Amino acid sequence: MPGNQPRTLSDRTATFLMAMLLAIGLYFPTSLGAVISVRLYMLTAALLLSIILLLLLRKRGILSPYAVVNAVAVNAIVLIFTLFSPFTEFAYGGYIPIFLFSTLFCVSVKDVKLTATTRMLFNAANGINIVLAALLLLQVDSVIQFFLNNYAYGYEELVPYMLAEGKPVLTFGTHSLAGFFIYLLFYLTFQTFVKTGSKLNLLFAVCYLALLTCLLSFTGMVFAAVAVVQLLLHFQWHKAPLAGLVATAVLLAVAAFIAPRLDLLDDFKEDVSAVFQREDNGLLGRYSVSGGLAANFDYIADHPFKPIGLGLSWRLWYADSGPVEFFLKGSLPLLLTVYAGAFLFFRGNLKSKRQSWFLFLVFLGFELGFSNLEYIRTQCFLPFLIVYLNGLETQGALTI
């Protein structure tokens with residue numbers, strides 16, 4: 001019927017856009033022949049911006065006037081402080097991710113429907129992720145070479161080191177980012193099981209939990225602990241007959257993935273200790289007086305009201321901590337507006353207030369170790385995350 005056509009067209013468009021965001025966010029390449037490609041990044045940014053504009057221009061596509069004002073403030077702060085930056089060199093490309101996430105935070109996707117096709121595509125993506133991760137753990141040469149050629153990240157030695165260590169980082173380059181995204185995938189698949197009773201998604205969730213433990217990173221360990229608690233609390237709360245079986249399966253899966261990679265218990269303890277204490281890139285490596293962010297803290301302490309905007313200095317480090325980076329670029333005004341925008345995005349789009357707070361805190365927590373909101377895969381994945389969870393929310397009470 002003609003009256004139903006607009007809604008059907010909207011559903012198809014939403015399916016296409018969410019599928020695009022999922023595919024770009026998880027799989028779009030970053031390099032050609034193991035060399036990071038600026039052109040590929042610019043293409044990814046252009047695709048993301050096009051989808052954001054399509055979402056904004058539709059009816060009720062703007063989240064709220066507050067979100068728009070906040071986004072304008074974010075951009076104005078960065079540009080104004082760039083004009084008055086104490087530096088003479090500038091990283092103008094650093095403005096692209098800021099513009100993208102500030103624009104994204106204006107988008108409303110609360111009314112975008114989760115279609116059966118989108119859910120099927122997500123199931124397929126989960127199967128692909130887990131198979132590829134297993135092949136990386138098995139050190140299959142052709143698969144390792146494929147990731148080396150197409151998913152270089154950070155600096156030249158990073159991905160080769162991660163893959164040589166047997167870390168299933170997939171397309172995310174580093175074990176920290178992989179840990180964050182694998183946890184999000186665990187959370188989505190586990191919520192799908194909670195809502196729909198899908199045993200396939202429970203299997204996906206347990207596999208993602210096992211992958212978290214294999215990363216042997218601070219991020220992976222923290223999120224693995226959170227995931228275990230969520231699994232066990234759910235089954236205990238519902239007093240399910242399978243509770244003991246699932247708990248046992250989780251522990252066995254974790255042990256099965258870890259055991260072949262650790263010769264002795266002492267080696268494992270040393271790995272755990274290194275995750276927390278290593279001074280090159282661990283937790284102390286970011287925030288200690290001798291860590292990678294030490295020069296940033298020195299500059300902020302000496303010039304608390306003189307941010308650098310997009311200024312560039314070889315002494316400063318522009319990653320590893322979102323709050324430090326935003327304070328460095330725009331002082332307290334930029335720090336507050338960025339995270340206010342993130343909160344408005346989660347709270348305004350997610351149907352569950354409890355879930356919006358939970359995910360905002362998850363993202364905020366990871367920001368302490370990496371400037372995640374500026375990561376283009378995060379920016380692509382966020383709208384899909386919201387739409388998927390809202391679709392599940394219509395099926396019953398939410399369990400976090």
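**Stop 1: H8 against H16**

Select residues 175-196, helix H8, and residues 353-367, helix H16: their axes come within 11 Å and cross at roughly 165°. The model is a predicted one. An angle over 145 degrees counts as roughly antiparallel, and H8 and H16 are therefore roughly antiparallel to each other. The crossing in which H8 passes H16 is right-handed.

Now show side chains at the contact. From H8, pick Ser 176, Leu 177, Phe 180, Tyr 183, Leu 184, Tyr 187 and Gln 191; they meet Gln 355, Phe 358, Leu 359, Val 362, Phe 363 and Phe 366 of H16. Sorted by class, the residues of this contact are 10 nonpolar and 3 polar, with no charged ones.

**Stop 2: H15 against H16**

The axes of H15 and H16 come within 9 Å and cross at roughly 160°. H15 and H16 are therefore roughly antiparallel to each other, and their crossing is right-handed.

On the H15 side, display Gly 322, Pro 323, Phe 326, Tyr 339, Ala 342, Phe 343, Phe 346 and Arg 347; on the H16 side, display Lys 353, Ser 356, Trp 357, Leu 359, Phe 360, Phe 363, Leu 364 and Glu 367. How many charged residues does the contact of H15 with H16 have? There are 3, along with 11 nonpolar and 2 polar residues.

**Stop 3: H9**

Move to residues 199-214, helix H9. Its 16 residues span 23 Å from the first C-alpha to the last, close to the 22 Å expected at 1.5 Å a residue. Colour H9 by accessibility: 12 of the 16 residues are buried, so H9 is largely enclosed by the rest of the structure. The buried residues include Asn 201, Leu 202, Phe 204, Tyr 208, Thr 213 and Cys 214. After H9 comes Leu 216, which has a positive phi, near 50°.

**Stop 4: Thr 118**

Finally, select Thr 118, which is in helix H5, residues 116-137. Is Thr 118 buried or exposed? Its relative accessibility is 3%, and the cut-off for buried is under 20%, so Thr 118 counts as buried. Leaving out residues up to four places away in sequence, Thr 118 touches Thr 15, Met 18 and Phe 384.

Key:
Residues are numbered from 1 along each chain as its sequence is written. This is a predicted model: local features need pLDDT of at least 70, side-chain atom pairs count only at pLDDT 80 or more; totals for chains, interfaces and linings use all residues. Side-chain values use heavy atoms; hydrogens and water are left out. Axes are lines fitted to C-alpha atoms, for helices over the stretch in contact, and angles run from 0 to 180 degrees between N-to-C directions. Helices (H or I, at least four residues) and strands (E, at least two) are DSSP runs, numbered from the N terminus. Angles under 35 degrees count as roughly parallel, over 145 as roughly antiparallel, 65 to 115 as roughly perpendicular and the rest as oblique. A crossing is left-handed if the near helix is turned anticlockwise from the far one by less than a right angle, and right-handed if clockwise. Contact means heavy atoms within 4.5 Å. Ala, Val, Leu, Ile, Met, Phe, Trp, Tyr, Cys and Pro count as nonpolar, Asp, Glu, Lys and Arg as charged, and the others, Gly among them, as polar. The expected span of a helix is 1.5 Å times one less than its number of residues. Buried means under 20% relative accessible area, exposed over 50%, partly exposed in between (1.4 Å probe, protein chains only).
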